[in-house]
Amino acid sequence: MSEIHRASTTAPVNIAVIKYWGKRDPKLNLPTNSSLSVTLSQSDLRTHTTASCSPSYPSSDSLLLNGSPQDVTGARTQACFRELRALRSALEAANPSLPKLSSMPLKIVSENNFPTAAGLASSAAGFAALVRAIANLYELPASPTELSRIARQGSGSACRSLFGGYVGWEQGSQADGSDSVAFQVAPASHWPEMRALILVVSAAKKGVSSTTGMQTTVATSSLFTSRATETVPRRMLEMQKAIQEKDFEGFGKVTMMDSNSFHATCLDTYPPIFYLNDVSRAAIKTVECINAATGKIVAAYTFDAGPNAVIYYLEENEKAVVGVFKAMIGGKDGWKGARGEKVEGNKEGLEAV
Ligand code: DP6
C-alpha cells in the first residue's frame with residue numbers, strides 16, 4: 001500500500017465593499033477594476049479542504065464538494081493545479097530527496113458550511129482553501145501574495161480570502177497577471193469592532209453566474225466604463241482612507257454607493273441582470289430607516305451576485321442594527337435566517353507577512 005500524503009486547511013469568505021465586476025482577460029481572470037473586501041470570521045462561514053496525493057490513487061485528479069464529485073477539467077481548476085504543481089516540481093528539482101508529489105494524482109475533499117453559489121462568496125472561500133491546502137501538501141514556501149495570484153485564476157474574489165482583515169485586490173497592469181494580487185489594507189485588529197450581519201433571503205443557486213454576468217455587462221452596459229475607470233478608482237482611495245481612519249460613516253457610505261453602482265450596471269446590462277429582489281430592497285429601506293433614526297450612518301448594506309444582504313455595522317450599534325433585523329426574521333418579510341460575523345483575525349497566517 002503506497003503512502004498517502006495529506007494536508008488540510010480552512011479558508012473564510014470575504015464580502016466586497018468595492019465590487020469586482022468585469023474581466024479584461026477572462027483566460028487569466030484579470031479584472032477591469034481593483035476591489036476591496038472584508039474577510040469574515042473563519043469560525044462560521046468557511047470552506048474546509050483536505051488535499052491528498054498518492055501514487056495509488058486513480059490516475060486522474062478528483063474534487064469532492066459537500067460529498068458530490070465536481071468537474072476538475074475546467075480551465076480555472078486546471079490553472080490552479082498546474083501552477084501549484086510547477087512550484088512543487090521546482091522544489092523537487094532543487095531537493096532530489098523530496099518525494100515526487102508533483103507527479104501523483106490529487107484528491108481534494110471540500111466542505112462548505114454555508115449555501116454554495118448563492119451570493120455568499122462560496123467560490124472565494126472554495127478556491128482559497130483549495131490553493132492553500134495544496135500549497136500546504138506540497139510544503140511550498142509561497143507567500144499569501146503568491147498564493148493569491150494562483151487563487152485568482154480559480155475565482156477572482158478568491159484571491160482576497162488568502163488574507164484576513166481588510167483586503168484589496170490590485171487589478172495590476174502586467175499582461176501575464178503577475179501583479180494582479182491581493183494585499184492587506186489593514187489587519188482585523190486595526191478595527192476589531194467591525195461586524196457583518198448576513199441576511200439569507202434564499203439559499204438557492206444564483207440565476208446568472210458571476211462569470212457570465214460580468215462578461216455580458218462588459219459587452220453591453222453603457223455605465224460600465226465610467227464605473228471601472230472613474231468611479232471605482234476614486235472609491236478605492238476613499239475606502240482605504242476610511243478604513244485607515246476608522247471612519248464608519250465614510251466606510252458605510254462608499255460601501256452602499258458601490259453596491260448600488262454594481263447593481264445599476266447589472267440592470268444596465270442587456271439582457272438585464274436582476275440579483276436584488278423585493279426582500280433585498282426591503283433590507284435597503286430598513287438600513288435607511290435605521291440610519292435616519294440614528295441621524296448618522298451606523299449600518300451599511302451590500303449585495304453580491306444574489307439577493308442575500310450583508311449589513312456592516314460596529315459592535316457599539318449592535319442593538320440599533322441587529323435588533324431591528326432580528327425582529328424581521330421569521331416573520332412575513334421573507335428572511336430565512338441571519339448570522340453575525342466578526343472580521344477574520346490572526347489564524348493560519350491570514351495576516352500579511
Ligand atoms: C459580485 O469571484 O465569483 O461577488 O472570477 O468569475 O469566479 P469569477 O467571479 P467571482 O465574482 C465575484 C463578484 C462579486 C463581487 C466581489 O466579490 O468583488
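Select the ligand in this predicted model and display the shell around it, which by class holds four nonpolar, eight polar and two charged residues. Of the 14 residues around the ligand, those that come nearest are Ala16, Tyr20, Ser155, Gly156 and Ser157.

Next, select helix H1 (residues 75-94) together with helix H3 (residues 144-154), whose axes come within 7 Å and cross at roughly 155°. Because angles over 145 degrees count as roughly antiparallel, H1 and H3 are described as roughly antiparallel to each other. On the H1 side the contact is made by Arg76, Thr77, Ala79, Cys80, Glu83 and Leu84, and on the H3 side by Ile150, Gln153 and Gly154; by class, these residues divide into four nonpolar, three polar and two charged.

From H3, go to the loop between helix H2 (122-137) and H3, where Glu139 is placed; the phi of Glu139 is near 50°, a positive value in a residue other than glycine, and Glu139 is partly exposed, with 13 other C-beta atoms within 10 Å.

Now select helix H6 (residues 248-267), whose 20 residues reach 28 Å from the first C-alpha to the last, close to the 28 Å expected. Its buried residues, among them Phe248, Phe251, Met256, Asp258 and His263, pack against strand S2 (14-18), helix H4 (210-220), helix H5 (224-244), strand S13 (299-302) and strand S14 (309-314).

In the loop between H5 and H6, select Lys246, which has a positive phi near 50° and is partly exposed, with 14 other C-beta atoms within 10 Å. Finish at the loop between H6 and helix H7 (278-294), where Pro271 lies, joined to Tyr270 by a cis peptide bond with omega about -5°.

Key
Residues numbered from 1 in each chain as written. Predicted model: local features only at pLDDT ≥ 70, side-chain atom pairs only at ≥ 80, totals over all residues. Helix = DSSP H or I, 4+ residues; strand = E, 2+ residues; numbered from the N terminus. Expected span 1.5 Å × (residues − 1). Buried ≥ 20, exposed ≤ 12 C-beta atoms within 10 Å, placed from the backbone. Contact = placed C-beta atoms within 7 Å. Near = placed C-beta within 6 Å. Nonpolar A, V, L, I, M, F, W, Y, C, P; charged D, E, K, R; others polar. Axes fitted to C-alpha atoms, helices over the stretch in contact; angles between N-to-C directions. Parallel < 35°, antiparallel > 145°, perpendicular 65-115°, else oblique.
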